[in-house]
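This briefing describes the structure shown below. The points are grouped by topic, and terms are given their cut-offs where they are first used.

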Amino acid sequence: MSVTILGIESSCDDTSAAVIRDGLLLSNVIASQSVHEEYGGVVPELASRAHQQNIVPVVKAALDRAGVDKRDLDAIAFTRGPGLLGSLLVGTSFAKGMSLGLRVPIVDVNHLHGHVLSHFIRRKEDDEVPEYPFLTLLISGGNSQLILVRNYNDMEILGATIDDAAGEAFDKCAKVMGLPYPGGPHIDRLAQEGDAQRFKFAKPRIPNLDYSFSGLKTSFLYTLRDAVKGDPDFVEKNRADLAASLQRTIIEILIDKLDKAVKQTGVTTVAIGGGVSANSGVRNAVAEYCKAHGIKAFIPERAFTTDNAAMVAIAGYFKYLDKQFCGYDEVPFARVTV
Ligand code: KG4
């Protein structure tokens, strides 16, 4: 019997809905919120208001594009956390209301599990998916984690950032360079024209599998501050080289711990996920590392690197098959790791 799941994602500033049938993606609609651009970061109150405006048309568009009638849904999966509480409340309440109206169960999904499981979204039957166990490098604006994935519901965090996330390092350094928020994609673009060896920035010395990016951020800031004293146009003249050198350093930090984790666990499959996994340099570096070490690499489609409901629907699909439903008294949560 076929199983059709509607996924709903509203943890931050993207309202998204997706339909998955028997593990195959039928639609994935994302409405991004441009209202935050002028504030240099996501404004929680504005985010939840925009979710309220977007949720009905986004869900309708996802069902229409999938060619699925809402009465054919078997369950509704929604992101329960972590994220912004006001934003999460919109998706959670909508999922509960719709499930009550349709008399189908709801399935709560941990947003981070969604990112990890995004590699199981298939567009056609023979699309390849990872085999357990595998290692995931989850890198976003809020997290930098190395996760050993033994099953869809059995994940162990081997290392995490002790301060800033990789995305924050990109965004904060980009801000120092006067680039718009979020700066990660701008650094990525500039880095492609720059000399990645031109500048040297500090790298952390942490013995275990944890990450740290605050020292790099400070070192970047001081380099610019000192150079600007001698030449006020320093940043303008060296934008591409600064971006390329910063990106190289972040990638070296990421790959160093990934390598340690691979050796420690003996896994033969590595996946990446989260917003920063859209970075061209990171994608190339992970692919090259895996090729050189005889490891199978799973690099997500760019559409699945940022927040999307397809990953919520696939995580919900696995839980549905195990009858892991959620009660109507479950509330969103702001913080948690996997
Ligand atoms: O997973 P995500 O969409 O949400 C949060 O956890 O916030 O990740 C957003 C992060 C931001 O820091 C953004 O700058 C970064 O992902 N990002 C990138 C790129 N695209 C998005 N960083 C570097 N290069 C990119 N191409």
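**Loops and backbone features**

Pro133 is located in the loop between H3 and S6, where helices (H or I, at least four residues) and strands (E, at least two) are DSSP runs numbered from the N terminus. The model is predicted: local features need pLDDT of at least 70, side-chain atom pairs count only at pLDDT 80 or more, and totals for chains, interfaces and linings use all residues. Residues are numbered from 1 along each chain as its sequence is written, and side-chain values use heavy atoms, with hydrogens and water left out.

- The peptide bond from Tyr132 to Pro133 is cis, and its omega is near -10°.
- A cis peptide bond also runs from Gly81 to Pro82, with omega near -10°; Pro82 sits in the loop between S4 and helix H2 (85–102).
- Asp22 belongs to the loop between S2 and S3 and has a positive phi of about 50°, although it is not a glycine.

**Sheet S3-S2-S1-S4-S5**

- An open sheet of mixed pairing is formed by five strands in the order S3-S2-S1-S4-S5; two strands pair if DSSP finds at least two bridges between them.
- S3 and strand S5 (106–110) are the edge strands, each with a single partner strand, so one side of each has no neighbour in the sheet.
- On average, neighbouring strands of this sheet are turned by 20° against each other, direction ignored; axes are lines fitted to C-alpha atoms, for helices over the stretch in contact, and angles run from 0 to 180 degrees between N-to-C directions.
- Strand S2 (residues 14–21) and S3 run antiparallel and are joined by eight bridges.
- Within this pairing, Thr15 has Ala31 in S3 as its bridge partner, and Arg21 stands opposite Leu24 in S3.
- S2 and S3 make a hairpin with two residues between them, and Asp22, with its positive phi, is in the turn.
- Helix H1 (residues 44–66) lies across strand S1 (4–9), S2 and S3, and runs at about 25° to S2; contact means heavy atoms within 4.5 Å.
- Helix H9 (residues 309–321) also packs on the sheet, where it touches S1, S2, S3, strand S4 (75–81) and S5; the direction of H9 makes about 130° with that of S1.

**Sheet S8-S7-S6-S9-S10**

- Five strands in the order S8-S7-S6-S9-S10 form an open sheet, and the pairing is mixed.
- Strand S8 (154–160) and strand S10 (296–298) stand at the edges; each has a single partner strand, so one side of each is left without a neighbour in the sheet.
- Six bridges pair strand S7 (residues 144–151) with S8 in the antiparallel sense, and Leu146 is opposite Gly159 in S8.
- H7 packs on the sheet and touches strand S6 (134–139), S7, S8 and strand S9 (269–273); the direction of H7 makes about 160° with that of S6.

**Packing of H7 and H8**

- Helix H7 (residues 234–265) packs with helix H8 (residues 280–292) at an angle of about 35°, and their axes are 10 Å apart.
- The crossing of H7 past H8 is right-handed, a term used if the near helix is turned clockwise from the far one by less than a right angle.
- Residues of H7 in the contact include Gln247, Ile251, Leu254 and Asp259, and those of H8 include Gly281, Val282, Ala285 and Tyr289.
- By class, the contact of H7 with H8 has nine nonpolar residues, two polar and one charged; Ala, Val, Leu, Ile, Met, Phe, Trp, Tyr, Cys and Pro count as nonpolar, Asp, Glu, Lys and Arg as charged, and the others, Gly among them, as polar.

**Pockets**

- The largest pocket holds about 1600 Å³ of space; on a 1 Å grid over the protein atoms alone, a pocket is an open set of points where a 1.4 Å probe fits, with protein on both sides within 12 Å along at least five of seven lines.
- Grid points are joined across faces, edges and corners, and a volume is the space filled by probe spheres set on the points.
- The largest pocket is lined by 45 residues, and Cys12, Asp13, Gly141, Tyr181 and Asp307 lie nearest its centre; lining residues have an atom within 4 Å of a point.
- H4 gives the most to this lining, with five residues.
- The lining of the largest pocket divides into 15 nonpolar, 20 polar and ten charged residues.
- The second largest pocket has a volume of about 190 Å³; of its 13 lining residues, Ser118, His119, Ile121, Pro300 and Glu301 are the closest to its centre.
- Six nonpolar, two polar and five charged residues make up the lining of the second largest pocket.
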